[in-house]
Amino acid sequence: MSDTRIRAAITGVGGYLPDYILTNEELTRMVDTSDEWIMTRVGIRERHILKEEGKATSDMAVEAVKSLFAKTGTKPEEVDLLVWCGVSPDMPFPATANIISDKLGIKNAFSFDINAGCSSFLFSLVTMAAYIEAGRCKKIVLIGAEKLTMYVDYTDRSTCPLFGDGAAAVLIEPTTEDLGIIDSITQSDGSGRKHLYLPAGGSLLPASIETILRRQHYIIQDGQTVFKSAVSKMADTTMELMQRNNLTSDDIAWLVPHQANLRIIGATGNRMGLSKEKVMVNIDRFGNTSSATVPLCLWDYESKLKKGDNIIIATFGAGFTWGAIYLKWAYNGIRDLSNGLTGL
Ligand code: UT7
């Protein structure tokens, strides 16, 4: 009997951002806010928005997966599982993953959605790793994609600067090398649901003229409570993961934090003892794209990553949901077979 351990590794990334850029300057013409407030309290300068009529989350996801396929030389028929995760599906059903698979001509895969608020990508990556480790799948496409701005009330200055749209996808494959997902912590506490939620449009409050007039199809957030919980949970979880894997700050090449607020990102990095250079940040350009923030970071920073790099991913989101993953990166720099870059 072989004792070779199978781990799940990310073997490629693709991303997509819609063209339209909403700047802080434009926001100041919509609500009573300023570039200075948004930059100092949150750290966002601009965010991308999907404005074209008739375009949905799945359309951005399709673009991200097309770029992933080109970069990794993957054919649609080779995929055996495709998962979309996030909070802004095309429609309540069928699953957005089914729609994405159809648009890409993926015929041999089963596909479904996962929603765990802004921890959707982290929880999904842990779930996908279990499919790989059990030997049930060989090529999984996991997508974090959001048309989050459809939930944004552009008359509410406390939430409208925060969110953006975007998509990123990763390919997950088995490896017997000492690479891939090593350990993880995933937690949730539904009593936090009253601090960050979308009141209407579900079975509790189906869409009606009244729910629209009461503006109940927009994000409600108690920012300070979410902020405090995010800082403590992300820091505690990453510290626990470091301790139980005997990792010091010197051992860690990168922290990939959910991008909700630069101050939360900074607090998590500080608690881990990391210098700023080791913390991935793109909230300034993309805002909070919920399930897409973590894979968009990996896509954005791909050229800097090296095979064997110790990476910690950490998230916090609606639910509440939070967690951390410890993984070893599986390749060097940009992997783009269409340009002859194997990354190996
Ligand atoms: O991704 C899922 C998880 N989400 C998060 O992690 C988000 C966590 N929360 C946060 O990032 C922050 O709480 C916010 C960015 C949402 C808000 O920042 P804050 O420092 O907590 O501000 P605040 O809500 O305590 O408001 C402070 C002041 C208030 O004025 P007063 O009452 O002190 O006079 C607000 O009315 O800032 C005011 N304010 C604004 N001023 C200018 C709120 N929004 C704005 C704005 N422009 N856009």
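R41 has a polar side-chain atom 2.8 Å from an oxygen atom of the ligand, which makes it a polar contact (a pair of N or O atoms within 3.5 Å). This is a predicted model, where local features need pLDDT of at least 70, side-chain atom pairs count only at pLDDT 80 or more, and totals for chains, interfaces and linings use all residues. Residues are numbered from 1 along each chain as its sequence is written, and side-chain values use heavy atoms, with hydrogens and water left out.

- From G223, a polar backbone atom sits 3.0 Å from an oxygen atom of the ligand.
- The protein buries 73% of the 950 Å² that the ligand exposes when taken alone (Shrake-Rupley method, 1.4 Å probe).
- There are 23 residues around the ligand (a heavy atom within 4 Å), and T33, R41, Q224, N261 and N288 come nearest.
- Domain 1 (7-178) and domain 2 (181-338) each give at least three residues to this shell; the bounds come from an automatic or database domain assignment.

**The second largest pocket**
- A pocket here is an open set of points on a 1 Å grid over the protein atoms alone, where a 1.4 Å probe fits, with protein on both sides within 12 Å along at least five of seven lines; lining residues have an atom within 4 Å of a point.
- Its lining includes A9, E173, K307 and R335.
- Both domain 1 (7-178) and domain 2 (181-338) give residues to the lining of the second largest pocket, so this pocket lies between them.

Note on methods. A polar contact is a pair of N or O atoms within 3.5 Å; within protein, one must be able to donate a hydrogen and the other to accept it, and residues adjacent in sequence count only if both atoms are side-chain atoms.
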